[in-house]
Amino acid sequence: MDEPVLLTGAAGRVGTAIREGIGEAHEFRLLDREPPTGPVDHELYVGDITDRELLEDAMEDVAVVIHLAGDPRTDAPWESVLRNNIDGTQTVFEVAVEQDVEKVVFASSNHAVGHYETERKPDIYRTEEEFRLDGTELPRPSNLYGVSKATGEILGRYYHDEYGISVLNVRIGNLTKEHPPRNYERGQAMWLSHRDCAHLFDRAIEAEYGYEIVYGISDNDRKYYSIERAREILAYDPQDNSAEYTFDGEPKTD
Ligand SMILES: NC(=O)C1=CN([C@@H]2O[C@H](COP(=O)(O)OP(=O)(O)OC[C@H]3O[C@@H](n4cnc5c(N)ncnc54)[C@H](O)[C@@H]3O)[C@@H](O)[C@H]2O)C=CC1
Ligand SMILES: O=C1O[C@H](COP(=O)(O)O)[C@@H](O)[C@H](O)[C@H]1O
């Protein structure tokens, strides 16, 4: 991608995985209300995603927005998700359309569909493909944070249908660096390694799509989410698998 790519929430965990993995591959512009720690090799916009003027400046001549900024806490209160995740995301889409951005990649979450797991425990994190969520199911949020992520997906649906902007919703699982979440079955089933995260968002920048929902997890043997749609439309080719680690997160030696 030769044109600039705007990364909102660039200072956070997902933003850091993307910057460290593919920072040199694209002309990134970074936006966050807290500047990243350490050296910044990209144009930086410090401020809030509800600030329309800031977004207008940051999105000028931008082809792709990767929208990560928001409150990621699963117990975040309504006031915070309403402001940061819903109002902020609506502002991002509104300005993206106004500035003729081609694609918005939205950081959605497993918590948009977390309540599918309430009735299926405890054997759902399995190796067989008998039943897996694949992105065609309706949202079943597990908390108000999940409600805000499902709402972000619906905002994208509207802006795509009304204005034709390409929208990819990535229902991210559980990002951790170097090893899967320790002693946490759910986290291991939905592990997203840093390497696979950077590759997935690289594919999201490059691929062509209309409106899509995919799951953002590594190629874990035991999983509840299908990654087939991500393979199909993005050519996502994950390299990591939580089965290669012990339950407490050490690499298996045999
Ligand atoms: N880390 C994970 O495993 C998962 C993350 N996600 C989503 O990915 C996105 C990024 O998550 P993380 O990097 O883990 O969170 P994080 O908290 O590490 O990073 C979020 C960044 O967004 C910024 N931010 C928050 N509200 C803002 C606002 N109103 N204006 C400007 N900047 C704002 C924060 O300063 C922070 O640097 C979030 O939308 C989260 O919901 C979804 C599923 C799993
Ligand atoms: O959306 C998110 O999901 C992950 C995984 O959820 P968990 O409830 O199994 O821990 C979470 O770690 C992350 O903070 C959140 O933004």
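User: How many helices and strands does the protein chain have?
Analyst: This is a predicted model, where local features need pLDDT of at least 70, side-chain atom pairs count only at pLDDT 80 or more, and totals for chains, interfaces and linings use all residues. The protein chain has 7 helices and 9 strands. Both are DSSP runs numbered from the N terminus: helices are H or I with at least four residues, strands are E with at least two.

User: And how are residues and chains labelled?
Analyst: Residues are numbered from 1 along each chain as its sequence is written, chains are lettered from A and ligands numbered from 1 in the order in which they are written, and side-chain values use heavy atoms, with hydrogens and water left out.

User: What box do the C-alpha atoms fill?
Analyst: Roughly 50 × 35 × 35 Å, along the principal axes.

User: What percentage of the residues count as buried?
Analyst: 56% of the 254 residues. Buried means under 20% relative accessible area, exposed means over 50%, and partly exposed is in between, using a 1.4 Å probe and protein chains only.

User: What about charges? How many side chains are positive and how many negative?
Analyst: There are 26 positive and 52 negative side chains. The centres of the two sets lie 7 Å apart. Lys and Arg count as positive, Asp and Glu as negative; His and the chain ends are not counted. Each charge is placed at NZ of Lys, CZ of Arg, CG of Asp or CD of Glu.

User: New topic. Where does UniProt place the feature "active site"?
Analyst: At Tyr 145, in an unreviewed entry. UniProt positions are in the numbering used here, feature names are shortened, and annotations may be inferred rather than shown by experiment.

User: Is Tyr 145 buried or exposed?
Analyst: Buried, at a relative accessible area of 8%. Tyr 145 sits in helix H4, residues 144-163.

User: What does Tyr 145 touch?
Analyst: Leaving out residues up to four places away in sequence, its partners include Asp 71, Arg 73, Asn 85, Ser 109 and His 111. Contact means heavy atoms within 4.5 Å.

User: Tell me about His 111. Where does it lie?
Analyst: His 111 is in the loop between E5 and H4. His 111 is buried too, at 14% relative accessible area. Besides Tyr 145, His 111 touches residues including Thr 74, Arg 140 and Arg 186.

User: What share of the contacts joins residues 24 or more positions apart?
Analyst: 69% of the contacts with a separation of 6 or more.

User: Which residues does Gly 210 touch?
Analyst: His 160, Ile 165, Ser 166 and Val 167, not counting residues up to four places away in sequence. Gly 210 lies in the loop between helix H6 (194-206) and strand E9 (211-216). Gly 210 is partly exposed, with a relative accessible area of 27%.

User: And Arg 195, where is it found?
Analyst: In helix H6. Leaving aside neighbours within four places in sequence, Arg 195 is in contact with Gln 239 and Asp 240.

User: What about the phi of Asn 183?
Analyst: Near 55 degrees, a positive value in a residue other than glycine. Asn 183 lies in the loop between strand E7 (174-176) and helix H5 (185-189). Its relative accessible area is 48%, so Asn 183 is partly exposed.
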